[in-house]
Amino acid sequence: MGLSILGIFHTVIGIIAIVAAVIAFTKGGKIDLGKLPGKIYFYFTLITSLTALGLSSVKGVNPGHILALLVVILVLVAYLLYAWKPGNNRARYIETFFLSFSFFLSMIPTVNETFNRIPVGHPLAHGPSDPLIAKTLLLLLIMFIIGAVLQFRKIYRTNKAV
C-alpha cells in the first residue's frame with residue numbers, strides 16, 4: 001500500500017473519526033458535540049484534516065488540501081456555534097449542517113483512497129474518475145441530502161416545542 005508513517009497515523013485517526021460519526025448518526029441522528037462520539041469526531045477530524053495537508057503524491061497545493069482546509073473550517077465554525085449559541089435556536093441548523101457536510105466531504109478522499117488501494121494488488125477502482133467511485137459518492141450525496149432534511153425536520157420540531 002505504500003503508506004508513510006504520517007499516512008498511517010492519518011488513516012487510523014480518520015477511521016476513528018468516521019466510526020465516531022457513524023455512532024453519533026446512529027444513536028442521535030446527528031453529530032452532537034456535547035456527546036462523546038461528537039467530541040471524538042470533532043478532534044479526530046481536525047487532526048485528520050490537518051495531517052492531510054502533509055500528504056500528497058504531487059508537489060504543491062492540490063484539491064485534497066483545499067478539501068481538508070474546508071473540513072477544518074466547517075468543524076471549527078460548527079464548534080463555535082455550539083459553544084457560543086447554546087440551546088434550541090437557528091444556530092443548530094447551521095451547526096448540524098456543517099458537521100454533516102464535513103463528514104460527507106471527508107468521505108470523498110476516503111472512498112477514493114480506499115477503493116484505489118484495497119484489496120492490495122487488485123484495487124476496486126483505478127483512479128479518481130473510476131465509475132465505482134462516482135456511483136459510491138453519488139449514493140453518499142443522496143444519503144447526505146436525505147439525512148440533512150431529516151435533521152432539519154427534527155431541529156424544527158425541537159425548536160417549535162420550546
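Colleague: Let's start with helix 2 and helix 3. Which hand does their crossing have, left or right?

Modeller: Left: helix 2 passes helix 3 in a left-handed crossing. Bear in mind that this is a predicted model.

Colleague: And what makes helix 2 roughly antiparallel to helix 3?

Modeller: The angle. Helix 2 and helix 3 pack at about 155°, with their axes 8 Å apart. Anything over 145 degrees counts as roughly antiparallel, so helix 2 is roughly antiparallel to helix 3.

Colleague: Which residues meet there?

Modeller: From helix 2 you have Tyr-41, Phe-42, Thr-45, Leu-46, Ser-49, Leu-50 and Ala-52. On the helix 3 side they meet His-65, Ala-68, Val-71, Val-72, Val-75, Leu-76 and Tyr-79. By class, that contact divides into eleven nonpolar, three polar and no charged residues.

Colleague: Thr-45 is in that list. Why is Thr-45 called buried?

Modeller: Its relative accessible area is 4%. Buried means under 20%, so Thr-45 is buried.

Colleague: What is Thr-45 in contact with, leaving aside its neighbours within four places in sequence?

Modeller: Ala-17, Ile-40, Val-71, Val-75 and Ser-106. Thr-45 itself is found in helix 2.

Colleague: What makes the pair Tyr-41 and Thr-45 a polar contact?

Modeller: The backbone oxygen of Tyr-41 lies 2.7 Å from a polar atom of the Thr-45 side chain. The cut-off for such a pair is within 3.5 Å, and 2.7 Å falls inside that.

Colleague: Now helix 1 and helix 2. How do you know that helix 1 is roughly antiparallel to helix 2?

Modeller: Helix 1 covers residues 5–28 and helix 2 covers residues 36–52; their axes come within 8 Å and cross at roughly 150°. That angle makes helix 1 roughly antiparallel to helix 2, since the cut-off is over 145 degrees. The crossing of helix 1 and helix 2 is left-handed.

Colleague: How many charged residues does the contact of helix 1 with helix 2 have?

Modeller: None: the classes are 15 nonpolar, five polar and no charged.

Colleague: Is Thr-51 buried or exposed, and how do you know?

Modeller: Thr-51 is buried, with a relative accessible area of 13%, and the limit for buried is under 20%. Thr-51 lies in helix 2. Beyond its neighbours within four places in sequence, Thr-51 is in contact with Leu-6, Phe-9 and His-10.

Colleague: Where is Lys-30, and why does it count as partly exposed?

Modeller: Lys-30 lies in the loop between helix 1 and helix 2. At 21% relative accessibility, Lys-30 counts as partly exposed, because buried requires under 20% and exposed over 50%. Setting aside neighbours within four places in sequence, Lys-30 is in contact with Ala-24, Phe-25, Thr-96 and Gln-151.

Colleague: What about Ala-83: where does it sit, and why is it called partly exposed?

Modeller: Ala-83 is in helix 3, residues 63–84. Ala-83 and Gly-34 are 49 residues apart in sequence, and their C-alpha atoms are 9.6 Å apart in space.

Colleague: On to helix 4 and helix 5. Why are they called roughly antiparallel?

Modeller: Helix 4 (residues 91–117) and helix 5 (residues 131–161) have axes that come within 10 Å and cross at roughly 165°. The cut-off is over 145 degrees, and therefore the two helices are roughly antiparallel to each other. The crossing of helix 4 and helix 5 is right-handed. Their contact divides into 17 nonpolar, seven polar and one charged residue.

Colleague: Last one. What joins Ile-118 and Pro-119?

Modeller: A cis peptide bond, with omega about -10°. Most peptide bonds are trans. Pro-119 has its place in the loop between helix 4 and helix 5.

Colleague: And why does Pro-119 count as partly exposed?

Modeller: Pro-119 has 39% relative accessibility. Buried would be under 20% and exposed over 50%, so Pro-119 counts as partly exposed.

Notes
Residues numbered from 1 in each chain as written. Predicted model: local features only at pLDDT ≥ 70, side-chain atom pairs only at ≥ 80, totals over all residues. Heavy atoms only, no water. Axes fitted to C-alpha atoms, helices over the stretch in contact; angles between N-to-C directions. Helix = DSSP H or I, 4+ residues; strand = E, 2+ residues; numbered from the N terminus. Parallel < 35°, antiparallel > 145°, perpendicular 65-115°, else oblique. Left-handed = near helix turned anticlockwise from the far one by under 90°. Nonpolar A, V, L, I, M, F, W, Y, C, P; charged D, E, K, R; others polar. Buried < 20%, exposed > 50% of the residue type's maximum accessible area, 1.4 Å probe, protein only. Polar contact = N/O pair within 3.5 Å; in protein donor to acceptor, adjacent residues only side chain to side chain. Contact = heavy atoms within 4.5 Å.
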